[in-house]
Amino acid sequence: MKRILLSTLLVSLLAACASQETKEQPKAAVENRGAAQPSAGAEAQPAGQQGVAANPLKDPNNILSKRSVYFDFDKYDVKDEYKPLVEAHSRYLTSHKDAKITVQGNTDERGSREYNIALGNRRADSVKKVMGAMGVTDSQIETISFGEEKPRAACHDESCWKENRRSDIVYQGE
Amino acid sequence: MKFLNKLAAVLVFLAGFPVAMAHAALTIEIVGSGANQIPVAIVPFAGESILMQAVTPVVAADLQRSGLFKMIDAAAQPQPHEPAEVNYPDWRARGADALAIGSVRPRPDGKLDVSFRLVDTVKQSVLAGYSYAIPPAQLRATAHKIADEIYEKLTGDIGVFSTRIAYIVKSGARYELQVADADGYGAQTVLASNEPIISPSWSPDGTKLAYVSFERKKPIVYVQSLASSHRQVLAQFKGNNSAPAWSPDGSQLAVVLTKDGNSQIYLINADGSGVRRLSNSAGIDTEPAFSPDGASIVFTSDRGGSPQIYRMPLSGGGAQRLTFEGNYNVSPHFSPDGKSLVFIQRANGSSFHVALQDLATGQLQVLTDSRMDESPSFAPNGKMILYATEIGGRGILAAVSSDGRVKQRLTASAGDVREPEWGPLSKNQ
């Protein structure tokens with residue numbers, strides 16, 4: 001009986017988080033403590049909110065298909081050249097109040113991993129602040145940071161580092 | 001040269017054991033040595049040569065790794081196993097100040113009797129003596145205990161050979177949080193994931209690890225029991241949840257959250273309840289670490305324009321800046337006696353070194369000359385500092401003595417090793 005229960009638990013656990021496993025007896029269901037607010041965005045992903053035809057977010061000729069804002073070394077201010085991009089997304093979000101985004105901040109590989117999480121967060125937050133000034137509501141944006149953990153470019157010099165000092169705008173469901 | 005040969009012999013010897021932990025074991029290489037090495041002879045124990053795991057090679061490797069001992073050749077016959085058998089003038093003539101002798105004998109119940117004595121060849125007296133009845137599987141653990149006894153008797157400091165370390169191995173797209181003995185043996189995977197894992201932090205009793213996992217596409221802090229693998233979410237608020245650090249009594253942790261905007265430091269009970277904000281700045285506050293007395297934390301903040309280390313009382317009140325040299329000082333940890341800080345300092349652009357600062361005098365010492373050092377933490381006796389660095393583009397672990405003289409490198413068979421933290425003294429020490 002106990003064995004059946006355990007294997008049922010195991011199967012459901014594996015189904016729940018396919019990308020992750022604990023080695024010995026992965027019976028630990030991941031529980032959300034009472035104090036934690038459920039995070040908006042990242043988890044529940046209702047697919048296909050937009051119509052199939054002419055999704056401006058996916059149209060390569062539309063600025064809304066551009067999602068990356070780049071930053072200088074040790075800096076987190078949104079440079080002028082990326083303002084039109086951020087403003088276009090702001091207009092989309094103010095006219096689509098049900099749309100939600102995550103802004104993901106990233107850094108290059110140099111320095112402390114935890115400090116880079118914080119620096120990446122500032123880069124995400126800078127984008128959010130520009131959007132806030134354009135009237136996007138707080139509840140439409142979650143800012144998170146990958147720090148240096150998920151580099152888009154893998155080499156160890158400035159050619160890759162500049163690619164990795166970046167915030168990405170990701171719409172819920174994408 | 002002789003030292004190197006012997007070291008190679010020890011390593012080959014160790015490598016020859018087909019023990020269960022062949023998986024991702026770490027190999028240790030030693031560079032440098034202590035100012036005054038204590039000459040000691042470890043005589044092979046009676047009865048150990050027929051065992052799966054001999055005791056004395058592990059003891060000798062432990063002592064040698066510390067850089068504080070000079071190993072006197074003990075291979076020549078006759079080999080004493082009891083104090084009465086020791087020819088003191090002979091061992092004095094060979095240069096040994098102390099001699100470890102002993103035996104391993106099987107018991108009718110399948111256990112082993114391990115008996116050990118440490119004798120002083122000058123005073124011709126017994127400095128320490130222990131007997132252990134152990135299952136064969138505990139031979140390595142017993143050898144570490146014996147090394148701890150020898151270290152303690154001869155240096156006056158606590159031995160840390162029985163402790164464990166936690167670290168992350170990245171192989172391809174796979175991340176594993178692992179725990180291993182301080183000598184790199186017995187590596188076990190605590191968590192495996194296809195998303196990054198960072199910042200493992202030992203609970204003060206050594207039974208749990210807090211860490212940050214990105215498995216849900218954002219940083220969330222978990223606490224996991226090592227014995228049962230049971231784990232729970234510690235902090236999963238809007239935004240980022242990272243940089244967990246245990247209070248010395250294990251009742252609460254400091255974490256960094258962005259739920260109210262910038263990265264700020266919060267306290268949270270060890271069961272995930274009762275979150276409350278501790279730091280309150282307009283900048284980044286991150287990487288908290290408790291003082292050993294639990295009364296204050298040190299942390300990294302950019303409130304002054306560049307990342308520097310600050311100290312703040314837990315009772316509230318202002319933060320005091322501690323670092324002034326350079327424009328990038330991060331990742332602070334207190335020494336176990338609370339008298340100094342270890343952290344990472346950036347020098348000329350993008351070179352990162354382990355630095356040690358005396359809190360009373362403010363005196364700073366850079367301990368390493370490697371270029372990409374990260375995540376330093378003290379051994380529980382304060383004598384060594386474990387950190388991550390890079391050699392040939394590959395992440396490895398390294399350790400340096402707090403006087404900068406002895407350096408060790410711990411290399412895994414494959415993958416990048418990073419984010420180490422040295423665990424606490426085990427409960428029965």
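# A tour of chain B

Start at B:Ala166, which stands opposite B:Glu421 in strand 30 of chain B. Keep in mind that this is a predicted model.

**Stop 1: strand 7 and strand 30**

Select residues 416–422 of chain B; this is strand 30. How many bridges join strand 7 of chain B to strand 30? There are five, and the two strands run antiparallel. The pair you began with, B:Ala166 and B:Glu421, faces across these strands.

**Stop 2: strand 7 and strand 8**

Keep strand 7 selected. Pick out B:Ile168; B:Leu177 in strand 8 stands opposite. Next, go to the turn of this hairpin. Two residues lie between the strands. Which residue of the hairpin takes a positive phi? Click on B:Gly172, where phi is near 60°.

**Stop 3**

Zoom in on strand 16, residues 264–269. Strand 16 and strand 17 pair over two bridges, in the antiparallel sense. Select B:Tyr266, and you will find B:Arg277 of strand 17 opposite.

**Stop 4: helix 2**

Select residues 56–65 of chain B. This is helix 2. Is helix 2 mostly covered or mostly uncovered? It is mostly covered, as 10 of its 10 residues are buried. Among them are B:Val58, B:Val59 and B:Leu63. The buried residues also include B:Asp62, B:Gln64 and B:Arg65. Then step to B:Gly67, which follows helix 2 and has a positive phi near 75°.

**Last stop: the whole chain**

Chain B has four helices and 30 strands. Of its 429 residues, 57% count as buried. The accessible surface of chain B comes to about 16,300 Å². Carbon and sulfur atoms hold 52% of that area. Finally, look at contacts along the chain. Among contacts in chain B with a separation of 6 or more, 43% come from residues 24 or more positions apart.

Conventions:
Residues numbered from 1 in each chain as written. Chains lettered and ligands numbered in written order. Predicted model: local features only at pLDDT ≥ 70, side-chain atom pairs only at ≥ 80, totals over all residues. Heavy atoms only, no water. Buried < 20%, exposed > 50% of the residue type's maximum accessible area, 1.4 Å probe, protein only. Contact = heavy atoms within 4.5 Å. Areas by Shrake-Rupley, 256 points an atom, 1.4 Å probe, with all protein chains shown as cover. Pairing = 2+ DSSP bridges.
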